[in-house]
Every structure is written in C-alpha cells, then in structure tokens.
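Morning, everyone. I have one structure to walk through today. Please look at the screen.

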Amino acid sequence: MQDNYDIIVVGAGHAGCEAAAAAANLGSRVLLITMNMQTIAQMSCNPAMGGVAKGQIIREIDALGGYSGIVSDRSMIQFRMLNRSKGPAMWSPRSQNDRMLFAQEWRSLLEQTTNIDFWQDMVKELLIKDNRVAGVKTSMGILFHADAVILTNGTFLNGIIHIGEKQFGGGRTGEKSSTGITEQLITLGFESGRMKTGTPPRIDGRSIDYAQMEEQQGDENPGKFSFSDTLPLQKQRSCHITYTNSKVHEILKGGFDQSPMFTGRIQGLGPRYCPSIEDKINRFADRDRHQLFVEPEGWNTVEVYLNGFSTSLSEDVQFKALRLIPGLEKAKMFRPGYAIEYDYFPPQQLRSSLETKLIENLYFAGQINGTTGYEEAACQGLIAGINAHLKISNQNEFVLSRSEAYIGVLIDDLITKGTEEPYRMFTSRAEFRSLLRQDNADIRLTPIGYKLGLADKSRFDNVSKKITQTANLIEFIKNHSIQPEVINATLLNLETEPIKQKQKLQNILLRPQISIFDLIRNVPELKDYFFKLMLSEKEKVEVAEQVETSIKYEGYIQKEFNLVEKVSRYESVFLKTDLDYNNMTSISMEARQKLSKIKPKTLGQAARISGISPSDISVLLVYLNK
C-alpha cells in the first residue's frame with residue numbers, strides 16, 4: 001500500500017471530486033479519502049444542478065476543464081433555462097438529475113482518471129511539521145504522507161442531525177460524523193463556527209396525485225451545461241408544483257414547541273435564501289401558502305424530493321402536514337426531513353488560492369468555508385486542486401478576478417468579507433454580470449484552462465474557432481445593408497415599423513422585437529453567410545446567440561469593460577503581507593483591526609472589506625506612495 005502522495009483530498013463530495021480530478025489531471029499523484037466509497041459525489045440534498053448564478057458556475061467549471069458539467073449532462077432528466085424573460089446576463093441553466101446516475105458517473109470519471117487512488121476511512125488528524133502540512137492520520141491509525149492536503153469535509157465535521165426532539169451524530173442520514181479535525185485545527189490557532197442546513201422528507205411517488213398539481217416541463221429544445229460533445233436530452237421527466245395552505249401551517253405550528261430551531265437546540269445559522277418550512281411560516285406570518293416543487297429523483301425510481309419543505313420538525317408532525325397538501329393526501333414518506341449542524345471555519349483565514357494562512361500547503365474547499373450548494377463547493381474544489389498542484393510544483397498561484405468569473409466573485413467574497421451564514425451565489429453579487437454570462441464561459445475561461453493544462457487542445461481549438469466566427473459575423477451584420485423590400489414584410493409580421501430606406505442589419509437587430517434568427521431566416525445574404533460557417537448546427541446557434549447579445553447589449557458591455565479597467569488600477573497595487581496596519585494611526589481603528597486580520601493581497605481587495613471607508617483607502621495610497 002502506497003503511503004506517499006503529492007496531494008491528499010479528504011472528502012469525496014462535490015468539492016473533493018473536483019479537487020482530486022483537477023490535481024490528478026495536472027499531473028499530481030492524488031489520494032482521495034472518503035468515509036464511504038458508495039457515496040462518492042452524493043447529491044445530499046436536491047437532485048438538481050445549476051440555477052440562478054449557480055448554472056453560470058457549472059459552465060465556468062466546465063470551461064476550465066472540470067467535470068461537473070459533463071456529469072450533470074450525462075445524468076440529466078430535465079433541463080430549463082431560467083430567467084429567459086430577463087436580459088442574457090440573468091439567464092441561468094438548471095438541470096434536474098438522476099441522483100444515483102450522477103454519483104455513478106462521477107465515480108466512473110474519477111476511476112478512469114490516472115493518478116487517483118482511493119481509500120475508505122475517516123481522517124482523524126493532520127500531520128503537521130514546522131507549520132506545514134505533511135499528511136494525515138486515519139481512524140485505523142494509518143499514516144499517509146503528502147506535500148499538500150485539501151479538506152473538503154462538507155457537513156461531516158462534528159455533524160449533528162436534528163428531527164424534532166431527537167438528535168444524533170451524523171454527517172448525513174445513515175452516515176456517521178467526522179471527529180478530530182476541528183479540535184486539532186483549533187489548537188493550531190484556527191477560528192471555527194457552527195452552521196446549519198436541512199433537507200425535506202422524501203415521498204413515494206406512487207402515493208402522489210399529480211392531477212391536483214401544476215406540471216412543470218423542461219425546455220422544448222433542452223440545452224446542456226458542458227461545452228464538450230455531451231449529448232442533449234431526447235426525453236425529459238416533468239416536475240410538478242403544489243402549495244401549502246393555512247391548515248398545513250397550523251399543523252406545523254403545533255410542532256414548534258418541539259422544534260430544535262425554536263427551542264435553542266440548534267445554534268448554527270441556516271441559509272437565508274433556502275429557509276426551512278417552519279422558518280418561512282415564522283418569518284412570513286402574513287402569507288397563507290408557500291410554493292413547493294415536486295421533483296423526481298431519477299429515471300427509474302419512484303422516490304420524490306419535496307423542494308421547499310425542508311424541516312427539522314418531528315416526523316409525525318411532518319407526516320400530518322404533508323397529507324394536507326394538495327396531491328399529497330395519501331402520501332407515504334420514505335424518510336423524514338431533518339436539519340444538520342456542522343463545523344465550519346470562517347474563510348478570512350484563507351488566501352485567494354484557498355490555502356490556509358496558518359498552515360502552509362493546507363487547503364479548504366466547500367462547506368468547510370461556510371458555503372452552501374453543490375456548485376459553490378465544486379468550484380472551490382477545482383480551484384483548491386489546481387492551486388495545491390501549482391504550489392507543490394513551485395508555480396505561481398491561480399486566481400480568478402471578479403471580472404473574469406463568478407468563481408472569482410465567490411472566492412473573493414469569502415476571503416474578504418467572510419460569512420456568518422451559509423453563503424449562496426446570486427447574480428446580484430457580481431458587479432460585472434453582463435460580462436460573466438453563462439453563454440460566454442468558454443470564451444472567457446477555456447483559453448485559461450488550456451494554458452493551465454486542464455482543458456484539452458480540441459476544446460481550445462473549438463473556442464478559438466467560435467471566437468473568430470463570432471467576430472466575423474458581427475462584422476458582417478454591422479457592415480451589411482438591407483433594402484426595404486427585402487425585410488419589410490418580416491418587420492410587419494413581427495409588429496414593428498417597416499423601414500423606408502436602406503439600413504444596416506445592425507440597426508434592425510437592435511429592435512427588441514427582432515432576433516438574429518428572424519434575420520437569418522429572412523435575409524438571403526445573411527442566410528447564405530451563416531450556413532457557410534464551418535461549424536456544427538449546435539455551434540452555429542451558439543455563435544448566433546453570442547452575436548445577438550454582443551450587438552444588442554454593446555453599450556452595457558462596454559460600460560462594464562470600462563469599469564473593470566478603472567477597478568483594475570487598485571487590483572494592480574499589491575500590499576505586503578507584513579504591513580503594520582496598527583501603526584497607521586490616520587486610518588480608523590476598525591480598518592486597522594480588519595486589515596491586520598485579513599491581510600488583503602491588493603488595494604482592491606482592501607477596498608472591498610466591510611468597514612473599510614474610501615478615506616481609509618486614500619490614506620493607504622498616500623502611505624504606499626511614500
């Protein structure tokens with residue numbers, strides 16, 4: 001049995017899988033340690049990927065060369081593009097997935113990845129030498145040595161499960177919690193905290209009356225996450241929508257006196273944007289109903305996930321309330337919902353590479369950093385895996401900026417602002433979201449992934465071709481003019497004013513009623529040009545959508561580019577880690593304390609720290625100039 005590795009990844013959830021794959025594909029010898037080989041890449045909560053801002057993250061992971069997009073496509077049972085009624089910066093892909101197939105595909109990809117070994121065991125202790133990680137010790141007493149360690153422990157660190165007045169140790173239902181690591185990290189000087197998340201009951205689909213619910217189908221022409229050659233769906237499974245009511249709320253309120261949330265047994269803060277059903281009833285007392293999504297767990301199972309009904313109330317209260325929901329009058333539960341509390345480590349203790357500041361070559365990724373969601377965890381794992389490999393290979397760290405990717409926004413938010421509740425990504429968190437669209441993730445990041453060595457040459461060549469063809473088509477539309485007799489019939493059909501004289505195609509496309517596909521169908525010269533593009537049908541559609549967004553939103557996009565350029569001036573001003581902020585008496589006491597604690601890497605990062613004022617930044621600039 002080999003006991004020396006380049007990198008050890010602890011935990012095989014979404015963060016751990018991406019970390020192991022990235023490091024191994026870059027050439028490191030990786031050991032992936034998990035407490036249960038049968039739950040690698042388990043979808044612990046809802047069987048879905050993507051959503052608002054989260055879908056952008058999955059596409060960014062894929063563009064860089066990660067696996068989450070590929071696995072999502074291969075296990076997808078439904079696809080929807082959310083926010084189509086809004087601008088393209090808000091469009092967000094989301095898939096419903098087959099829970100078992102998702103885990104199976106992830107494990108298969110990992111097993112096919114050269115350089116990854118597996119070990120089933122619990123890590124009890126880190127091996128530390130001279131403030132540098134040297135490996136791990138497992139519950140079996142086995143020592144594994146490595147140059148770097150990535151902790152991706154999810155909800156398992158001292159996890160406690162709550163169901164009504166019952167509580168027991170566990171990192172997930174049916175699985176024990178992980179102990180030892182938190183206590184050791186605290187003795188090493190780390191700060192820790194507690195967070196809480198939850199999950200709803202699982203329902204027997206055979207007992208559901210879907211006729212009383214609203215059917216929610218997937219898109220007519222389903223898309224996908226990966227920019228690779230994964231296949232789009234040929235058939236889909238529907239979800240359904242139902243609602244709670246005042247009778248349901250009364251039953252649930254009757255269990256509040258036994259609720260661990262309201263009796264104080266749960267100390268950790270839960271996710272603000274994914275509250276439990278009892279939290280919704282308590283916080284929004286004026287509402288007499290809440291929307292619930294009835295989501296199938298896969299192709300070949302009757303198990304159903306009741307999204308929106310996360311709860312830690314006792315199982316008898318859950319059951320009584322369920323049976324008052326339209327369509328669930330005869331519902332049978334496979335298992336009740338529960339809440340789980342677990343340890344996390346405030347992420348200001350990390351560098352932008354996700355390496356800890358206290359212990360060299362030790363990296364944290366996922367819920368250990370206070371995030372919630374598969375997508376947020378996966379992208380952290382990818383970045384930690386890349387940086388662990390680069391660090392032990394004596395190469396410069398890899399950091400994405402806020403203007404390059406949602407991944408960059410997420411990590412910068414965590415290490416600069418920290419979080420006291422489970423962090424969830426939203427489009428509103430990104431100040432440059434017109435640049436960070438889901439459709440251009442490959443254009444933004446595949447060249448970077450190729451340079452790193454994660455994205456292969458075929459991907460890079462495809463993106464290069466896409467970039468060239470997009471630029472050429474934009475040039476054609478901006479310069480080609482059209483006569484009234486060619487386009488006016490189309491304009492009238494689309495209920496927009498006809499033109500009276502020759503106009504550029506660009507001016508026609510700028511009209512909100514007109515899409516680029518309307519022009520391609522009805523302008524012969526454009527149709528000929530478009531169909532002569534040396535691209536597949538899928539690639540042609542992607543290029544056309546890129547062109548339409550670029551032309552229609554050119555003003556907004558340019559405005560954001562200008563803002564990026566302005567902000568980048570601060571980002572290029574680097575701050576030494578040994579700066580003595582306490583002696584800078586011209587800045588506020590709060591600023592001195594926070595700058596000393598976080599030790600920002602750049603002036604731009606310093607400016608984003610909560611409590612740092614513009615005048616504090618001005619003083620810092622004067623100091624640096626001196």
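**A buried histidine**

Start with His 162. At 1% relative accessibility, His 162 counts as buried, because the cut-off for buried is under 20%. Keep in mind that this is a predicted model.

Where does His 162 lie? In strand E10, which covers residues 160-163. Which side chain does the side chain of His 162 make a polar contact with? That of Glu 341, at 3.1 Å.

**A helix pair**

Next, helices H12 and H16. H12 is residues 457-479, and H16 is residues 524-531. They pack at an angle of about 170°, and their axes are 11 Å apart. The two helices are therefore roughly antiparallel, since the angle is over 145 degrees. H12 brings Asn 472, Leu 473, Phe 476 and Ile 477 to the contact. H16 brings Glu 525, Leu 526, Tyr 529 and Phe 530. Sorted by class, that contact has 6 nonpolar residues, 1 polar and 1 charged.

**Helix H4**

Last stop: H4, residues 99-111. This helix has 13 residues. From first C-alpha to last, H4 reaches 19 Å, close to the 18 Å expected. What sits at the start of H4? There, a side-chain oxygen of Asp 98 comes within 3.2 Å of the backbone nitrogen of Met 100. Which residues in H4 are buried? Arg 99, Leu 101, Phe 102, Ala 103, Glu 105, Trp 106, Leu 109 and Leu 110. Note that the list includes Arg 99 and Glu 105.

Definitions and conventions
Residues numbered from 1 in each chain as written. Predicted model: local features only at pLDDT ≥ 70, side-chain atom pairs only at ≥ 80, totals over all residues. Heavy atoms only, no water. Helix = DSSP H or I, 4+ residues; strand = E, 2+ residues; numbered from the N terminus. Buried < 20%, exposed > 50% of the residue type's maximum accessible area, 1.4 Å probe, protein only. Polar contact = N/O pair within 3.5 Å; in protein donor to acceptor, adjacent residues only side chain to side chain. Axes fitted to C-alpha atoms, helices over the stretch in contact; angles between N-to-C directions. Parallel < 35°, antiparallel > 145°, perpendicular 65-115°, else oblique. Contact = heavy atoms within 4.5 Å. Nonpolar A, V, L, I, M, F, W, Y, C, P; charged D, E, K, R; others polar. Expected span 1.5 Å × (residues − 1).
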